[in-house]
Every structure is written in structure tokens, then in C-alpha cells.
Amino acid sequence: MSLSVFYRGSKIRFRVNLSRRRMLSFAGIATFIGLVTWQPWEYRGVDPEFAQAQITEEQKNLILQQKAVKALKEDTQKQLGAMKVYLGELRAQMRRLDALGERLAGVANLDNGEFNFQQGMPIGGPEIEVAELPQASGSDVLTDIEDMLSKISDKQKQLSLLESVMMNHQLNNDAYIAGRPISDGWLSSQYGIRKDPFNGTPAMHKGLDFASYNEDVQVVATGAGVVTWAGDRYGYGQLVEIDHGGGLKTRYGHNHELLVNVGDVVTRGQQIAEMGSSGRSTGPHVHYEVLRNGKQIDPNQFVYRKAD
């Protein structure tokens with residue numbers, strides 16, 4: 001293979017004949033010169049503008065992360081500070097409850113060690129190890145502490161009221177509940193097994209029913225105490241429950257209107273409601289219960305004894 005180039009000018013004439021070998025030689029020389037000139041194997045570095053832009057972006061991200069960490073630290077410190085305050089309030093509340101409990105134990109002459117507020121509660125028994133502690137956020141802990149403070153405050157109020165009742169009325173576990181829970185009427189149903197007035201099957205009646213067809217019949221407390229329930233309750237309708245201390249409570253159900261609220265201190269003979277027929281009832285009456293340590297007992301022993 002050969003390549004012939006002819007050039008004819010007005011004054012210059014030349015002729016070049018290139019064989020295949022010469023063409024390959026020229027191509028190799030040209031390639032070598034190009035490689036030497038451009039040097040593609042040599043590292044030419046990073047584009048300075050691109051590098052500067054990347055560095056600036058990373059710096060911005062670091063600043064944002066620092067701000068986020070700082071805000072988290074401040075929020076955590078605030079929550080820890082709030083927890084310290086709440087714990088201080090809890091300790092103060094517990095000290096007041098201990099002092100109040102000691103006074104109540106002294107009034108009730110409880111000296112068997114059950115109500116010793118100077119010592120911790122003896123506890124023990126086999127335990128199962130927990131693999132992981134329950135997870136909780138700071139806000140959840142604060143909410144739980146607030147709920148506990150509220151409950152402790154409510155219990156403190158009830159104990160204070162109960163102390164007032166015990167101090168002012170000088171009641172004891174056997175003598176302070178007496179009399180009928182109504183101002184007018186008669187005993188309409190006894191304590192014990194009877195025929196259910198709605199389905200006719202035998203059922204246990206855990207109280208006494210006092211009925212009356214007169215208007216404005218008063219429902220009265222049969223002993224001094226603190227109101228622990230005043231509102232609607234399934235089966236009872238509008239119910240009043242009074243804690244008399246010593247494990248004794250009384251209930252007055254099916255009322256028309258309630259005249260006391262939870263936390264009120266009441267005395268024996270004080271009107272607490274108006275007779276009605278609310279709840280599971282066939283007519284105007286009061287369902288009267290006496291509970292000892294949470295279980296209903298026969299109220300007859302309290303109804304037919306003297307108030308003094």
C-alpha cells in the first residue's frame with residue numbers, strides 16, 4: 001500500500017510517496033508526541049471551586065449538628081432540673097404524709113408496729129431478673145411524676161379530713177355508725193338472699209332498702225366521715241359513699257339528687273341526698289350498705305342501735 005501526494009503550484013512542485021511502513025511510522029510518532037504533550041497519566045488535582053463548595057456544605061452541616069446537640073443538651077438539663085424539683089416536692093409530700101400518719105396512728109391507738117412510719121416496709125421473696133429496663137422518655141417520666149404528685153396531694157387531703165373527723169367527733173370502730181339512713185319511710189327489703197325484682201331468680205341482696213312515697217325524703221349519713229364517692233355508679237344510680245375510718249364505709253344508692261361532693265366531711269344525721277329511683281330500681285327508695293374492709297355486711301346491727 002502506498003500513498004502519493006502531488007502538489008502543483010505556480011512555482012513549486014513536489015511529490016510524496018508514502019508506503020504502508022512509512023504511514024505506520026508517522027502514526028506512531030504522532031501518537032508518541034501526543035502522549036508526551038498531554039501526559040494523561042499525570043494527576044491534575046481537584047477542581048478548586050468544586051472542592052471549596054463541598055467544604056462549605058460540610059461546614060454548614062457541622063454547624064447545624066452542633067446547634068441540634070446544644071439544643072438537646074439544654075432541653076435535657078431543663079428536664080433534669082424539673083425532675084429534681086419534682087423529687088423535692090415528692091420528698092416533702094411524703095414527710096408530711098408520714099407526720100400525718102403518725103398522728104392518725106396515735107389517735108387510733110395503733111401500737112402494734114404496723115403503722116411505724118420511721119422504718120421501711122419489710123419486703124422480700126423470689127425475683128425474676130429483667131433482661132432490659134423499660135424504655136421511657138423524659139417527658140413520660142415528668143408526666144408520671146406529676147400524676148404521682150396529684151394523687152399524693154389528694155390522699156393527703158383525705159387523710160387530713162379523716163384526721164379532723166377522728167379528732168373532732170372522737171369516733172371508734174364500733175360505735176359511730178347508727179340509725180336509719182332516711183328521715184321518713186320504712187324498711188322494704190332485708191339483707192340476704194331474695195328474689196331478684198327484675199328477673200325473678202334468687203340473688204344476694206347485700207344491703208337494706210328503705211322506701212317512702214312521701215316527697216322530699218332526706219337521705220342522711222348514719223355516721224361521721226369523709227365522702228369518697230358522689231356520682232353515678234352502675235347498679236346504684238346516684239350513689240354516695242362515706243369512709244368512716246377503721247375499715248368501715250357506708251353506701252346510699254338510687255338517690256334523686258346528691259348534696260355532697262367527694263372530699264366533704266359529713267356528720268351523723270347530716271342530709272347528703274334526696275331519695276329517688278335512679279339506677280337499677282323499681283321505685284323511690286334508698287339502698288343502704290355497710291362495708292367492713294371492702295366487704296358488705298348486714299347493716300341491721302347498726303340500724304337498730306342508739307347513736308350514742
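## Reading the features of a predicted model

In the protein chain, 62% of the contacts with a separation of 6 or more are between residues 24 or more positions apart. The model discussed here is a predicted one.

Biologist: How many bridges join strand 8 and strand 9, and in which sense do the strands pair?

Modeller: Strand 8 (residues 225-233) and strand 9 pair over 7 bridges in the antiparallel sense. Valine 226, for instance, has aspartate 243 in strand 9 as its bridge partner. The two strands form a hairpin with 3 residues between them, and glycine 235 in the turn shows a positive phi of about 85 degrees.

Biologist: What joins strand 9 to strand 10?

Modeller: Strand 9 and strand 10 run antiparallel and are joined by 6 bridges. Here valine 240 stands opposite tyrosine 252 in strand 10. This hairpin has 2 residues between its strands, and glycine 246 in the turn has a positive phi of about 65 degrees.

Biologist: Is strand 9 mostly covered or uncovered?

Modeller: In a regular strand, the side chains alternate between the two faces of the sheet. Strand 9 is mostly covered, with 7 of its 9 residues buried.

Biologist: How many bridges join strand 4 to strand 5?

Modeller: Strand 4 (residues 192-195) and strand 5 (residues 202-205) run antiparallel, joined by 4 bridges. Methionine 204 in strand 5 is the bridge partner of isoleucine 193. Between the strands of this hairpin there are 6 residues, and glycine 200 takes a positive phi near 80 degrees.

Biologist: Which residues have the most contacts inside the largest nonpolar core?

Modeller: In soluble globular proteins, nonpolar side chains tend to be buried together. The largest nonpolar core in this model has 24 residues, and those with the most contacts inside it are Val219, Val240, Ile242, Tyr252, Val266, Ile272 and Tyr288. Two or more residues of this core come from each of strand 6 (208-211), strand 9 (237-245), strand 10 (248-258), strand 12, strand 13 and helix 4 (300-303). A second, separate core has 6 residues, among them Tyr86, Leu90, Leu97 and Ile152.

Biologist: What does valine 266 touch, not counting residues up to four places away in sequence?

Modeller: With those residues set aside, valine 266 touches Ala221, Gly223, Ala224, Gly225, Val227, Ile242, Val260 and Ile272.

Biologist: How many aromatic pairs does a search of the whole structure find?

Modeller: A pair of aromatic rings is described by two values, the distance of the centres and the angle of the planes. The search finds 2 aromatic pairs. In one, the rings of tryptophan 186 and tyrosine 213 have centres 5.6 Å apart and planes at 50 degrees, so the pair is tilted. Tryptophan 186 belongs to strand 3 (residues 186-189) and tyrosine 213 to the loop between strand 6 and strand 7 (218-220), so the pair ties together parts that are 27 residues apart in sequence. Tryptophan 186 is partly exposed, at a relative accessible area of 40%, whereas tyrosine 213 is exposed, at 70%.

Biologist: What lies over the face of tryptophan 229?

Modeller: Arginine 233 does, at 4.6 Å from the ring centre.

Biologist: Is serine 189 buried or exposed?

Modeller: Serine 189, found in strand 3, counts as buried at 13% relative accessibility. Its side chain makes a polar contact with the side chain of arginine 194 at 2.7 Å.

Biologist: Where is serine 278 found, and what does its side chain reach?

Modeller: Serine 278 is in the loop between strand 12 (271-275) and strand 13 (285-292). Its side chain reaches the backbone oxygen of asparagine 255 at 2.8 Å. Leaving aside neighbours within four places in sequence, serine 278 is in contact with Tyr236, Gly237, Gln238, His254 and Asn255.

Definitions and conventions
Residues are numbered from 1 along each chain as its sequence is written. Side-chain values use heavy atoms; hydrogens and water are left out. A polar contact is a pair of N or O atoms within 3.5 Å; within protein, one must be able to donate a hydrogen and the other to accept it, and residues adjacent in sequence count only if both atoms are side-chain atoms. Contact means heavy atoms within 4.5 Å. A nonpolar core is a set of buried Ala, Val, Leu, Ile, Met, Phe, Trp, Tyr and Cys residues joined through side-chain atoms within 4.5 Å. Buried means under 20% relative accessible area, exposed over 50%, partly exposed in between (1.4 Å probe, protein chains only). Rings of Phe, Tyr and Trp (its six-membered ring) pair if their centres lie within 6.5 Å; planes under 30 degrees apart count as stacked, over 60 as edge-to-face and the rest as tilted. A charge sits over a ring if NZ of Lys or CZ of Arg is within 6 Å of the ring centre and within 35 degrees of the ring normal. Two strands pair if DSSP finds at least two bridges between them.
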